Amino acid sequence: MNLNEYLNSTGFSTKHIELLPSVGSVINTKTGDVFPLMADDNIDFTDPMCVVDMWNDPFNSEEWFKSLHTCDKPVVNKVLMNLLPSKVTLV
């Protein structure tokens, strides 16, 4: 599935997709789904991870969160704060 197919099938637009280059991913800012970038710069929409699930599993996701660049952290923090407003401290 390419970006246009994903957007058409889900009803989202490109304003809901943010690039997280420090971790080689994109994030859907409404759902929290994180999709890996492939070597050819395509997005793998077949293997999403939810940032909320990642946040709740620090043992397996700690490296991902620690790898976030300073420029990417505000994007992830905003998504987490929207999805888990009472549970999240800043990354």
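Q: In which sense do strand 1 and strand 2 pair, and over how many bridges?
A: In this predicted model, the pairing of strand 1 with strand 2 is antiparallel. Along it, Leu20 is opposite Ser25 of strand 2, and Glu18 is opposite Ile27. The number of bridges between strand 1 and strand 2 is four.

Q: Which residue in strand 3 is the bridge partner of Val26?
A: The partner of Val26 in strand 3 is Phe35.

Q: Which residue takes a positive phi in the hairpin of strand 2 and strand 3?
A: The hairpin of strand 1 and strand 2 has four residues between the strands, and there Gly24 has a positive phi near 60 degrees. The hairpin of strand 2 and strand 3 also has four residues between its strands. In that hairpin the positive phi, near 85 degrees, belongs to Gly32.

Q: Where is Asp41, the residue that has a positive phi although it is not a glycine?
A: Most residues other than glycine have a negative phi. Asp41 has a positive phi of about 70 degrees. Because its relative accessibility is 66%, Asp41 counts as exposed. Its place is in the loop between strand 3 and strand 4.

Q: Which residues of strand 2 point one way, which point the other way, and are they buried or exposed?
A: Ser25 and Ile27 point one way from strand 2. Val26 and Asn28 point the other way. Residues on both sides are in one class, and that class is buried.

Q: Why does Glu18 count as partly exposed?
A: Glu18 lies in strand 1. Leaving out residues up to four places away in sequence, Glu18 touches Ser25, Val26, Ile27, Thr29 and Val75. Partly exposed covers the range between buried, under 20%, and exposed, over 50%, so Glu18 falls in that class at a relative accessibility of 32%.

Q: What separates the C-alpha atoms of Glu18 and Val76?
A: Val76 is one of the buried residues of helix 4, and Glu18 belongs to strand 1. The two residues are 58 residues apart along the chain. Their C-alpha atoms are separated by 9.4 Å.

Q: Which elements do the buried residues of helix 4 pack against?
A: Helix 4 covers residues 73-83, and its buried residues include Val75, Val76, Asn77, Val79 and Leu80. An α-helix has 3.6 residues a turn, so residues three or four places apart point the same way. The buried residues of helix 4 pack against strand 1 (17-20), strand 2 (25-28), helix 2 (51-55) and helix 3 (58-67).

Q: In what order do the elements run from the N terminus?
A: The protein has four helices and four strands. From the N terminus on, the order is α-β-β-β-β-α-α-α.

Q: What radius of gyration does the protein have?
A: The C-alpha trace spans about 35 × 25 × 20 Å along its principal axes. Buried residues make up 36% of the 91 residues. For 91 residues, a compact globule would have a radius of gyration near 12 Å, and the protein agrees with this at 13 Å.

Q: How far apart lie the centres of the positive and negative side chains?
A: The accessible surface is about 5700 Å², with 53% of it on carbon and sulfur atoms. The protein has 6 positive and 12 negative side chains. The centres of these two sets are apart by 14 Å.

Notes
Residues are numbered from 1 along each chain as its sequence is written. This is a predicted model: local features need pLDDT of at least 70, side-chain atom pairs count only at pLDDT 80 or more; totals for chains, interfaces and linings use all residues. Side-chain values use heavy atoms; hydrogens and water are left out. Buried means under 20% relative accessible area, exposed over 50%, partly exposed in between (1.4 Å probe, protein chains only). Helices (H or I, at least four residues) and strands (E, at least two) are DSSP runs, numbered from the N terminus. Contact means heavy atoms within 4.5 Å. The radius of gyration is taken over C-alpha atoms; the globule rule is 2.2 Å times the number of residues to the power 0.38. Accessible areas come from the Shrake-Rupley method with a 1.4 Å probe; for residues, only the protein chains shown count as cover. Lys and Arg count as positive and Asp and Glu as negative; His and the chain ends are not counted. The place of a charge is taken as NZ of Lys, CZ of Arg, CG of Asp or CD of Glu. Two strands pair if DSSP finds at least two bridges between them.
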